[in-house]
Amino acid sequence: MSRRLLALFTAVFSLALSKPAVVLACAVCLAGDGTQGPISDAFNSSVLFLMAMPYVVVGSIGGWLFYLYRRAVRKGGSAKKKAPLLRLAWNHKESGNE
């Protein structure tokens, strides 16, 4: 099995070296020759946009929670130390089920 895998790897690697333009080509825009065109620029911009989206979503949720916390503190509401609405029982003695 190891010899077959080595032979397959050698065959693929030698084919890749024989066609360097194929190795450098992008799978979507096929602009592997180093020229920057409008298609490759648009592809790069879309990749950056997709990479930034999770940070924007998490940051906006975090900002919204921070805003709610600050508003509650300013109004003197639930952000101050009060008894919790629901007390979690961590053992049988606290839960009342002895």
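**Burial, helices and surface**

Modeller: To start with burial, 3% of the 98 residues in the protein chain are buried. Buried means under 20% relative accessible area, exposed means over 50%, and partly exposed is in between, with a 1.4 Å probe and protein chains only. This is a predicted model, where local features need pLDDT of at least 70 and side-chain atom pairs count only at pLDDT 80 or more, while totals for chains, interfaces and linings use all residues. Residues are numbered from 1 along each chain as its sequence is written, and side-chain values use heavy atoms, with hydrogens and water left out.

Biologist: Thanks! How many helices and strands does the protein chain have?
Modeller: There are 4 helices and 0 strands, so the order from the N terminus is α-α-α-α, with helices (H or I, at least four residues) and strands (E, at least two) taken as DSSP runs and numbered from the N terminus.

Biologist: And what is the accessible surface of the protein chain?
Modeller: About 9,400 Å², and carbon and sulfur atoms account for 68% of that. The areas come from the Shrake-Rupley method with a 1.4 Å probe; for residues, only the protein chains shown count as cover.

Biologist: Which residues form the nonpolar patch on the surface?
Modeller: Val57, Ile61, Trp64, Leu65 and Tyr67, with about 530 Å² of accessible area together. Patch residues have over 30% relative accessible area and no salt bridge; nonpolar side chains (Val, Leu, Ile, Met, Phe, Trp, Tyr) are joined within 5 Å, like charges within 9 Å. A salt bridge is a side-chain nitrogen of Lys or Arg within 4 Å of a carboxyl oxygen of Asp or Glu.

Biologist: Where is valine 57 found?
Modeller: In helix α3, residues 38-75. Valine 57 is partly exposed because its relative accessibility is 43%.

Biologist: Which residues make the positive surface patch?
Modeller: Arg70, Arg71, Arg74 and Lys75. Lys and Arg count as positive, Asp and Glu as negative, and His and the chain ends are not counted; the charge is placed at NZ of Lys, CZ of Arg, CG of Asp or CD of Glu. Arginine 74 lies in helix α3 and is exposed at 62% relative accessible area.

Biologist: New topic: how many aromatic pairs are there?
Modeller: The structure holds 1. Phenylalanine 9 and phenylalanine 13 have ring centres 6.0 Å apart and planes at 15°, so they are stacked. Rings of Phe, Tyr and Trp (its six-membered ring) pair if their centres lie within 6.5 Å; planes under 30 degrees apart count as stacked, over 60 as edge-to-face and the rest as tilted.
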